[in-house]
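Visitor: I am new to this structure and would like a close look at a single part of it, the place where the two chains meet. Please take me there by way of the chains themselves, so that I can follow each step.

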Amino acid sequence: MEKKYNLRLLYMLIPAFVLLILFTYIPIVRGGIMAFQYYNMFNLNIRFCGLENFKAIIFDKNFNFWRILSNTAVWVFVSLVFQFVLGFILALLMRKPFKGRGIYSAFVFYPWAVSGFAIGLVWSWMFNGQFGIVNDLLRRIGLIHQNIGFLSDPKFAMMSVIIANIWYGVPFFAIMLLAALQSIPQELYEAAEIDGASGIQKLFKITIPYIKPTIISTTLLRTMWIMNFPDIIYAMTRGGPANSTNILATHLINKVYQFYDYGQGAALGMIIMSILFIYALFYLRISASKEVTL
Amino acid sequence: MKKMILKILKFVVLGIYLVAAILPFYWVLITSLKGPKEIYTFPIRYFPSKVTFESYRQLFSFANFGVYFKNSLLVSLSAALGAMIVSILAGYALSRHRQRRFKSGVLLAFYFTQMIPPFVLMTPLFTMLSKFQMIDKLSTLFILYITMVTAFSSIMSKSFFDNIPISLEEAGYIDGCNTMQVLFKIVFPLSLPGMAAIFSFAFVNIWNELFLAVMFIMSDEKRTIPVALNSFISKAGISWDIMSAGLVIALLPTMAVFAFAQKYIVSGLTKGAVKG
């Protein structure tokens, strides 16, 4: 009986597994193989080439690899920190019910449901060097006197795409952290108040420790996601100007969609995956959280 | 007194968040209503001097946007429905299976797919699917989109089923129901909120997808909305009147879904990613 029951459950897993095997696992294995092959549209003589693709990427004269790596680090780290802090503040403010909280959350959470590509387009219009609203607002308050080419000037481009990304990511953290905050038993705070704890003390001694597992899993997930997420940059600058916003993921897209070099594209994919894998291991080790279970 | 100030401060900050969240959408909406001439004139106006729907008219006549909208809607609705069915089956099986090691193995296999950069899959998928003449078909997008959201949706649906006590089903079996009856009469009615969460979650993600669609769709009449928006970006630049009208239309369905299913989306997001 027990065996039959488990078997029947196994059948229910088949559709999901057939799809994942056919359209994710087989392609990723083939992608892994491709990373070690000459494979591009202009040279149909596909053959193994050892580590040539990796070498070509690292010593590329037109696309400085270390620049791309440091861009990626800046993009991921700065975006993540601001998304988290701003999202956490929003969650703390929305924690206690107030009139109209439902409608309010519909508005402030909505950016989560928009595509990164659309967000990128919206923000490139906002940052437009001539007719953009950002330039206009900054001029009106007198912060600048001349328009800034936010997306055409290498000095400002990275900052601009990161601002768009922060704006996009705040709702995710607010949603997740708000849910975690609401699971904290009220008695903890009442006990702390009797003991005369201040607001700051309550935040650091009760709130943050209590939701630590959520903080760890959301920041971990989000890091992977931001690193794999070129949509905003693709829509705003495509990695330019002069490589200033090129991260590993946009570099990969350009290799595939622009240069049709599938071998190097796959090699870049492997680089991204290994970085993420090492990062995840390292992160879980230092945050030493046994609470985070899959 | 101090309490009062803190309260005011709180609502001021909440107000700033609200303005920051709305401003980009407001700006795009206003741009789409301005008409091409007023968009590119100084000083910049924060409200159109004369509201015109010229951009929308051009979008639907000259850019064929109606067809793209229909394609997007068709693919997103059907794939979200398909993903819901696949992941409910998988999630139920994962939740009720009694071997822990098997369960965590499958979960790990699902989680692993979330780490793969989607772009590594593009070329292998393309060569594979072109062998089976599956390029440039909306049905191919349908299948790929189901796959794209299946792993996360299954994890989500597992945690929904975890919250439905198994004793209810056991009672059903004792009363003489078979498996299908237990599923359709007891489990599914209880898991309706979970299904709504999975469906709306999948719909939003599929509606927004760009890169797979760019890779697999060539003919103009099969384009989805993100592909069309992408094609508005040309070497010469972007005509922001048509683009902003396109963006407004592209946002409408996710807005509708979000307004209607925000509660479910939020619960799905938190259940899928935190507890697992």
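This is a predicted model: local features need pLDDT of at least 70, side-chain atom pairs count only at pLDDT 80 or more; totals for chains, interfaces and linings use all residues.

Guide:
**From an open strand to the meeting of two chains**

Strand 2 of chain A, residues 43-48, has six residues, and because the number of them that are buried is zero, this strand lies largely in the open. Strand 2 of chain A pairs with strand 1 of chain A, residues 37-40, in the antiparallel sense, and three bridges hold the pairing on record. Within that pairing, A:Gln37 has A:Phe48 of strand 2 as its bridge partner, and the turn from strand 1 of chain A to strand 2 of chain A is a hairpin that passes through two residues.

These strands belong to a chain with 13 helices and two strands. The C-alpha trace of chain A spans about 80 × 75 × 35 Å along its principal axes, and 40% of its 294 residues are buried. Of the contacts in chain A with a separation of 6 or more, 68% are between residues 24 or more positions apart.

Two places inside chain A show what burial looks like there. A:Trp75, which lies in helix 3 (residues 65-93) of chain A, counts as buried because it has 26 C-beta neighbours inside 10 Å. Once its neighbours within four places in sequence are left aside, A:Trp75 is in contact with A:Ile162 and A:Ile247. A:Pro213, by comparison, is 138 residues from A:Trp75 in sequence and 24 Å from it in space, taken from C-alpha to C-alpha. The other place is helix 10 of chain A, residues 212-227, whose 16 residues reach 22 Å from the first C-alpha to the last, close to the 22 Å expected at 1.5 Å a residue. Among the buried residues of helix 10 of chain A are A:Thr214, A:Ile215, A:Arg222 and A:Met227.

Residues 24 or more positions apart account for 76% of the contacts in chain B that have a separation of 6 or more.

Now to the meeting place itself, where 71 residues of chain B are in contact with 64 residues of chain A. Several helices of chain B each supply at least two residues of the side that touches chain A, including helix 1 (2-34), helix 4 (65-96), helix 6 (118-131) and helix 13 (240-275). Helix 13 of chain B gives the largest share of that side, 16 residues. Sorted by class, the side of chain B that touches chain A has 51 nonpolar, 17 polar and three charged residues.

One crossing between the chains can be followed residue by residue. On the chain A side, A:Tyr262, A:Gly265, A:Ala266 and A:Gly269 of helix 13 meet B:Phe119, B:Val120 and B:Thr123 of helix 6 of chain B. By class, this contact has four nonpolar, three polar and no charged residues.

Terms used: Residues are numbered from 1 along each chain as its sequence is written. Chains are lettered from A and ligands numbered from 1 in the order in which they are written. Two residues are in contact if their C-beta atoms, placed from the backbone, lie within 7 Å. Helices (H or I, at least four residues) and strands (E, at least two) are DSSP runs, numbered from the N terminus. Ala, Val, Leu, Ile, Met, Phe, Trp, Tyr, Cys and Pro count as nonpolar, Asp, Glu, Lys and Arg as charged, and the others, Gly among them, as polar. A residue is buried if 20 or more other C-beta atoms lie within 10 Å of its own, exposed if 12 or fewer, and partly exposed in between; C-beta atoms are placed from the backbone. Two strands pair if DSSP finds at least two bridges between them. The expected span of a helix is 1.5 Å times one less than its number of residues.
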